[in-house]
Amino acid sequence: MYKQQVIRRILLSFFIGLLFPLGLLAQNTLEVTAKADSSSIRIGEQVKLHLKATVPAAVFNKPEFRLLLPIVPDSLDHFEVVTRSKVDTVTQQDMKVLQQTLTVTSFDSGHWEFPPQKFEVYGATGANSVDTLFSQPLGIDVNTVSVDTTKAFKPIKTVRAVPWNIWDYWLYIAIGAAVVLIALGLWLYFRKRPEKKPVVKLPLVSPYDLARQQLKSLREEQLWQQGDIKQYYTRLTDILRTYFEHQFGIAALEQTSEELLINIKPVTKLNQQRDKLRALLAIADLAKFAKLQPTADEHEDCMNKAEEILEWTRPKEEPAAQAPAAPEQKPQTGA
């Protein structure tokens, strides 16, 4: 009895010793497989076909390592590939698993073999090594639909129209309604949106007051007394031209003296001072462009003419609006 137990333990240790190194060897070798979800389908049914390659991480991480999964055509003998997933890579302990799933169907009844698939391996055992691994063939039974031959055959039915259902078009109806609502909202928004009116910047002082201040400042600066004749007449004529432009709407700053004298004719007040303005502009043009040296009396006379033109064309002051009178209170009478 004791001897039998010893022999059993020796044999058990021997088998364990054999299996354990094989297990380690299996974990450190590259392995490819092809498995199907089912080995039997009805004609036209689909079956999932899993292609998998298990690679040790140490081999997979080699820079020269490259593994190509089988390129399965869309149509094989007795089989059709319906869809194929992307190649997925997962890590399982010290192994890398590359896998791809094919959806396969067949329209030929019988027992068919899905052929072995070829895996190309580069750089697994050396820098320039090329290895080819094949998976095992898969046998799949494709069965026909069972028919009760004891019953009579029924005629083939004609094509039947699918009844119209509004819920089949709800997405298109919703999109169309949204477009109509958005268009209506935009139309109402732009229709009722108040128009932006340009902001008119009103001068802080009137053109007349501004011109009068500038003439006063020019007189106080005594430019012609200091010999700056050209600057004196340039400032003098610019003050008048700016005043004409802002007060009467005449583009005087962009016109020659002759053009200005012509364009002031429609303005009665200015036209009445036309001779003074002509004399002033003539002396100013000679001083600015011909280097004429007018006399002191002519300097003063031009300044006086400018002030007279300004005062003659001074706009009338509008009367201030009167506040509405308070209602009269009726005297209170005693009881």
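Which residues do ring pairs link into a cluster with Y243? Ring pairs join Y243 to F244 and F248 in one cluster. The views below show a predicted model, in which local features need pLDDT of at least 70, side-chain atom pairs count only at pLDDT 80 or more, and totals for chains, interfaces and linings use all residues. Residues are numbered from 1 along each chain as its sequence is written, and side-chain values use heavy atoms, with hydrogens and water left out.

**View A. Aromatic pair of F60 and F65.** Rings of Phe, Tyr and Trp (its six-membered ring) pair if their centres lie within 6.5 Å; planes under 30 degrees apart count as stacked, over 60 as edge-to-face and the rest as tilted. By this rule there are 7 aromatic pairs. The pair of F60 and F65 is tilted, because the ring centres are 5.9 Å apart and the planes stand at 55 degrees. F60 is partly exposed at 25% relative accessibility, whereas F65 is buried at 11%. Buried denotes under 20% relative accessible area, exposed over 50%, and partly exposed in between (1.4 Å probe, protein chains only).

**View B. Aromatic pair of Y243 and F244.** Y243 and F244 also form a tilted pair, 5.9 Å centre to centre with 50 degrees between the planes. Y243 is buried, with a relative accessible area of 2%, and F244 is buried at 0%.

**View C. Charge of R66 over the ring of Y122.** The charged end of R66 sits over the Y122 ring, 4.6 Å from the ring centre. Such a placement requires NZ of Lys or CZ of Arg within 6 Å of the ring centre and within 35 degrees of the ring normal.

View D. W167 lies in the loop between β12 (138–143) and α3 (170–192); helices (H or I, at least four residues) and strands (E, at least two) are DSSP runs, numbered from the N terminus. With a relative accessible area of 64%, W167 is exposed. An unreviewed UniProt entry places the feature "transmembrane region" at residues 169–190; UniProt positions follow the numbering used here, feature names are shortened, and annotations may be inferred rather than shown by experiment. This span is 95% helix and 0% strand, and its end C-alpha atoms lie 32 Å apart.

View E. A127 belongs to the loop between β10 (118–122) and β11 (130–134) and is exposed, with a relative accessible area of 58%. The C-alpha atoms of A127 and E64 are separated by 6.0 Å, although the two residues are 63 residues apart along the chain.
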